[in-house]
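Dear colleague,

I am handing over the structure we spoke about, and my notes on what was found in it follow directly after. Please read them with the coordinates open beside you.

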Amino acid sequence: MNVYDSERMADVLRPLGYATTDTAEGADFVILNTCHIREKAAEKVYSELGKLREMREKRVAKGGNGMTIAVAGCVAQAEGEEIMRRQPAVDLVVGPQAYHQLPELLTRTARARGERIGADFAPNEKFDALPVTRGTEGVTAFLTVQEGCDKFCTFCVVPYTRGAEWSRPVKAVLEEARALAGRGVREITLLGQNVNAYDGEGPDGKPFTLAKLAYALAEIEGIDRIRYTTSHPNDMSDDLIAAHADLQTLMPYLHLPVQAGSDRILRLMNRKHGRQKYFDLIDRIREARPDIAISGDFIVGFPGENDRDFEDTLDLVRRVNYASAFSFIYSPRPGTPAATMAAHVPEEVAKERLYALQALLSEQQVAFNQSLAGRVLPVLFEKKGRHDQQAIGRSPYLQSVHVEGGDHLIGQIANVEILSGKQNSLSGKLIQS
Ligand code: SAH
Ligand code: SF4
């Protein structure tokens, strides 16, 4: 979502004459778009800010222009005033629901440096104020359809930094998707912290489900592939599962985080579902779409997690068999209920569990990738590879696919015979048709 947000910030600043650059070095305006989900991500912001300040001082000492420094995203939302205190070089702080106000904030900052404005929640205003046209390059694009979260998992800051669940109206989503298709985008990934809780207003004033939205998007000329992320198990509705069976545009890949395999920990996490419910759900999804690749997120070392709980997580992973997954050591986030829970798991124990879990997940990922050898898959080619005439695309299961002699196919979908599967990618050869 931060990638999407950063693109949209560039969109609102473009009319002011700003263009994006690859390095901060010569920039007039630098925005750090931040993440607050784990402590490490939040702390990185301060070290980056230190570097930017030095860069600016050097430039000014050489007689060059100053540089406006902004912090955006969820760290800005959660720690606005503290950022200003800890790093006075910051000129402005803008929360994730206010980046449409960047042009105005920039202008004001020029006069009165150091204001903190725009960290209140009003996502509808933001989306209404954003330009419909986007400066996206490439054949795949993100499209935010839902923001915020009402679930309040005890470890998570999202409900506090992104606010309550809110869905964009169908009309606005379709307009943006049409504009993207018009620019050559073939694959859209619908984004939301709880994307499958989508209930945006449809044309008749009644809410659409995510499945209905997917059907409507599939009608758009040029949109050949639809993905969505991230889903919560409790919002995996029957019509969405059914859509996986009959909507070919919907890619056979589902990111469905479970976080832990122990019912006791799931309860402490306030996930509102147990392991059996997750297994049943996975069964129903696989019945609808047998080849679907499942991915997930895991947290190890949640307060009170013991060896048996962790064994339950490993057992769940073995039973589900993931195509890919992210896993993290629990990071206490200020203000969340879990941060004050007793029974802290020692760092070494958490690390050991993380390594064991990652070894298992990585084994499953390699096995899944290797299992595709010999299959013919439609690949959407996105960019040139490192070798001459090599092209890199995506399989329906989201792996990168490397193909020699495919560079004329960028922007197109072509059939590829998979030759081998590695840890993070597949390689294949073009099937001439
Ligand atoms: N809405 C999604 C997840 C959003 S956050 C869901 O419900 O699954 C992305 C991932 O970050 C989470 O799935 C979780 O695995 C991880 N995460 C969130 N808070 C964390 C914390 N305090 N410590 C470690 N990992 C965390
Ligand atoms: Fe965070 Fe996801 Fe839980 Fe919401 S559902 S609180 S975003 S982990």
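How many nonpolar, polar and charged residues are there in the lining of the second largest pocket? Before the answer, please keep in mind that this is a predicted model. Sorted by class, the lining of that pocket has 11 nonpolar, 7 polar and 6 charged residues.

The pocket itself holds about 760 Å³ of space, and among the 24 residues that line it, Ser-6, Ala-10, Ala-19, Thr-20 and Thr-21 are the closest to its centre. Two elements, helix H1 (2-13) and strand E1 (29-34), are those that give two or more residues to this lining, and H1 supplies the largest share, with 7 residues. As for where the second largest pocket sits, residues of both domain 1 (2-122) and domain 2 (125-371) contribute to its lining, and it therefore lies between these two domains.

Turning to the chain as a whole, the domain assignment gives domain 1 (2-122), domain 2 (125-371) and domain 3 (376-430), and the C-alpha centres of domain 1 and domain 3 are 37 Å apart. The protein chain contains 13 helices and 17 strands, and its C-alpha atoms fill a box of roughly 60 × 60 × 50 Å when this is taken along the principal axes. A compact globule with 433 residues would have a radius of gyration near 22 Å, and the 23 Å of the protein chain agrees with that expectation. Of the 433 residues in the chain, 52% are buried.

The cysteines deserve a separate note, in case you need to settle how to treat them when you prepare the model. The structure holds 0 disulfides; Cys-35, for one, is in no disulfide, and the nearest cysteine sulfur to it, which belongs to Cys-74, is 6.7 Å away.

Is Cys-156 buried or exposed? Its relative accessibility is 14%, and since buried means under 20%, Cys-156 counts as buried. Cys-35, by contrast, has a relative accessibility of 32% and so counts as partly exposed.

With kind regards

Note on methods
Residues numbered from 1 in each chain as written. Chains lettered and ligands numbered in written order. Predicted model: local features only at pLDDT ≥ 70, side-chain atom pairs only at ≥ 80, totals over all residues. Heavy atoms only, no water. 1 Å grid on protein atoms, 1.4 Å probe; cavity = no way out; pocket = protein on both sides within 12 Å on 5 of 7 lines; lining within 4 Å. Points joined across faces, edges and corners; volume = space filled by probe spheres on them. Helix = DSSP H or I, 4+ residues; strand = E, 2+ residues; numbered from the N terminus. Nonpolar A, V, L, I, M, F, W, Y, C, P; charged D, E, K, R; others polar. Domains from an automatic or database assignment. Disulfide = S-S within 2.5 Å. Buried < 20%, exposed > 50% of the residue type's maximum accessible area, 1.4 Å probe, protein only. Rg over C-alpha atoms; globule rule 2.2 N^0.38 Å.
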